[in-house]
Amino acid sequence: MTTSGLGTRLRHVLEILDGDVAKFYDELGLDWMRPRYVPVVRALVQQGPLSIRDLAKAVGVTHSAASQTVAQMAKDELITFTPGEDARQRIVHLTAKAHELLPVLDAEWAATTAAAEQLEAELSFPLTALLDEVLAAVERRPMLQRIHDAAAR
């Protein structure tokens, strides 16, 4: 019996999966590349320049997570910013360096997607379907409310 909670196990699985993707980048000579960059690059390729808020929505992360990711991507010279409609908004653009990496990133994405499909085939229930169910459940009734309800009992 495990003593780790749901969050601990989810983080551990993500660390393992992202860690192996990062090792693959290392093998490609891209030791600075992070797995969390690729969904951002793909969203910007598909939708064009986006505000950080719109980028967060497109990628499916919080505004804070998107902001932290693009800040690191700017340091790695993958994106640049231009001013938005108001002083608070910044529009995210891919750099020439990011565009040059697209063939490699597309090939990695295809290989990672195929590997994930193989992993899911080994499971008794597809992980992506389960995660979609979890997201829908916490959107209907947030975890905070569930904790309050449990604490009140």
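In this predicted model, Thr 82 stands opposite Ile 91 in strand 3. The pairing of strand 2 (residues 79-83) with strand 3 is antiparallel and runs over five bridges. Six residues lie between strand 2 and strand 3, and the two strands form a hairpin.

Strand 3 (residues 90-94) also pairs with strand 1 (residues 50-51), again in the antiparallel sense, and two bridges join them. In that pairing, Leu 50 stands opposite Val 92. The two strand pairings are set out below.

| Strand pair | Sense | Bridges | Residues standing opposite |
|---|---|---|---|
| Strand 1 and strand 3 | antiparallel | two bridges | Leu 50 and Val 92 |
| Strand 2 and strand 3 | antiparallel | five bridges | Thr 82 and Ile 91 |

The helices come next. Helix 3 (residues 52-59) packs with helix 4 at an angle of about 105°, and their axes are 8 Å apart. Because angles of 65 to 115 degrees count as roughly perpendicular, helix 3 and helix 4 are roughly perpendicular to each other. From helix 3, the residues Ile 52, Arg 53, Leu 55 and Ala 56 take part, and they meet His 63, Ala 66, Ser 67 and Val 70 of helix 4. By type, the residues of this contact are five nonpolar, two polar and one charged.

Helix 4 (residues 63-75) also holds Thr 69. Is Thr 69 buried or exposed? Thr 69 has 7% relative accessibility, and since buried means under 20%, Thr 69 counts as buried. Leaving aside residues up to four places away in sequence, Thr 69 touches Arg 36, Tyr 37 and Val 40.

Terms used
Residues numbered from 1 in each chain as written. Predicted model: local features only at pLDDT ≥ 70, side-chain atom pairs only at ≥ 80, totals over all residues. Heavy atoms only, no water. Pairing = 2+ DSSP bridges. Helix = DSSP H or I, 4+ residues; strand = E, 2+ residues; numbered from the N terminus. Buried < 20%, exposed > 50% of the residue type's maximum accessible area, 1.4 Å probe, protein only. Contact = heavy atoms within 4.5 Å. Axes fitted to C-alpha atoms, helices over the stretch in contact; angles between N-to-C directions. Parallel < 35°, antiparallel > 145°, perpendicular 65-115°, else oblique. Nonpolar A, V, L, I, M, F, W, Y, C, P; charged D, E, K, R; others polar.
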